[in-house]
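Here are a few friendly notes to read with the model open beside you. Take the points one at a time and look for each residue as you go.

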Amino acid sequence: MYQSYYGLNEMPFNITPDPKFLYLSPTHQEALQHLKYGVSERKGFIVLIGEVGCGKTTLCRRFLNELDPARYDTALILNPRVTETQMLKAILTELGETKLSRSQNDLVAQMNRVLLERIERGRDIVLIIDEAQNLSFEVLEQIRLLSNLETDQQKLLQIVLMGQTELKAVLAREELRQLRQRILVHHELKPLTLGDVQHYVQHRLTLAGGMGRPSFTRWALRAVHRYSKGIPRIINNLCDKAMLAAFIRDSDEVTWWDVRRAHKDMRNLTE
């Protein structure tokens, strides 16, 4: 409703993980560098952890977009609630394989052949598993065994586990100590600071074509930071509803009261 009123080319605070809108706060920049370092140096296992809505998926898409397609083959698994056999099939399918073996042992052998063939052609293979906190112990153990696939010079597969903060507790389990010892690159995304929130809001407004309309007051931005606790997805929801409130008032200024009303509306939805 407010897009044309404020002269925006698109909605600035959609919650879809569009890499174009990614704001690289210091914690996001550090996470992206950890991912690049881990993959380029073939560290094997990389773990990225963050609270719900902190931007892991958007960051992952940005990371994938920056990988050289002439060098890297990637497999992105978004639904980790699968069996070991289903996981192996999903990885091979993501890598473009169409004829899949049936048994788990044959799938592992096929995986080894596929990876070796691609390594010989100068390719690097990156497996990214989102929502990794939902992986069962059996599937995590299968993934650990995949990390054993290697030549004399390098690992055949670089594995990135991305998950919510619960992933820390999962990886801390005694029976996963072998997997835990293989994690050489680890980063946890932190919430945005007040300064980050101010830049984040302006960043998204500018990318959406904003020319100074609307503007968020200093107290409005403080309220956004307070109510969102620095979580980007909540920031988007708050700002979207606050802009709607300002539009209803025919105002070019989003105030503390608009953000407070947005927060109240969001809280009512969850009660």
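1. Which domains does the domain assignment give for the protein chain? This is a predicted model, and the assignment gives two entries: domain 1, made of 1–15 + 193–268, and domain 2, covering 26–189. Notice that domain 1 is written as two stretches of the chain.

2. Next, look at how the domains sit relative to one another. Taken over C-alpha atoms, the centres of domain 1 and domain 2 are 36 Å apart. Four residues from domain 1 and five residues from domain 2 make up the contact.

3. The size of an interface is often expressed as the accessible area lost when the parts come together. Between domain 1 and domain 2 the buried area is about 370 Å², and carbon and sulfur atoms give 64% of that.

4. What about charges and polar atoms? One residue pair is in polar contact between domain 1 and domain 2. The residues of domain 1 that touch domain 2 divide into two nonpolar, no polar and two charged.

5. Finally, find helix 5, which spans residues 137–146. How many of its 10 residues are buried? Seven are, so to speak, tucked under cover, and helix 5 is mostly covered. The buried residues are Val139, Leu140, Glu141, Gln142, Ile143, Arg144 and Leu146.

How values were computed: Residues are numbered from 1 along each chain as its sequence is written. This is a predicted model: local features need pLDDT of at least 70, side-chain atom pairs count only at pLDDT 80 or more; totals for chains, interfaces and linings use all residues. Side-chain values use heavy atoms; hydrogens and water are left out. Domain bounds come from an automatic or database domain assignment. Contact means heavy atoms within 4.5 Å. Buried area is the accessible area (1.4 Å probe) that two parts lose on being put together, summed over both. A polar contact is a pair of N or O atoms within 3.5 Å; within protein, one must be able to donate a hydrogen and the other to accept it, and residues adjacent in sequence count only if both atoms are side-chain atoms. Ala, Val, Leu, Ile, Met, Phe, Trp, Tyr, Cys and Pro count as nonpolar, Asp, Glu, Lys and Arg as charged, and the others, Gly among them, as polar. Buried means under 20% relative accessible area, exposed over 50%, partly exposed in between (1.4 Å probe, protein chains only). Helices (H or I, at least four residues) and strands (E, at least two) are DSSP runs, numbered from the N terminus.
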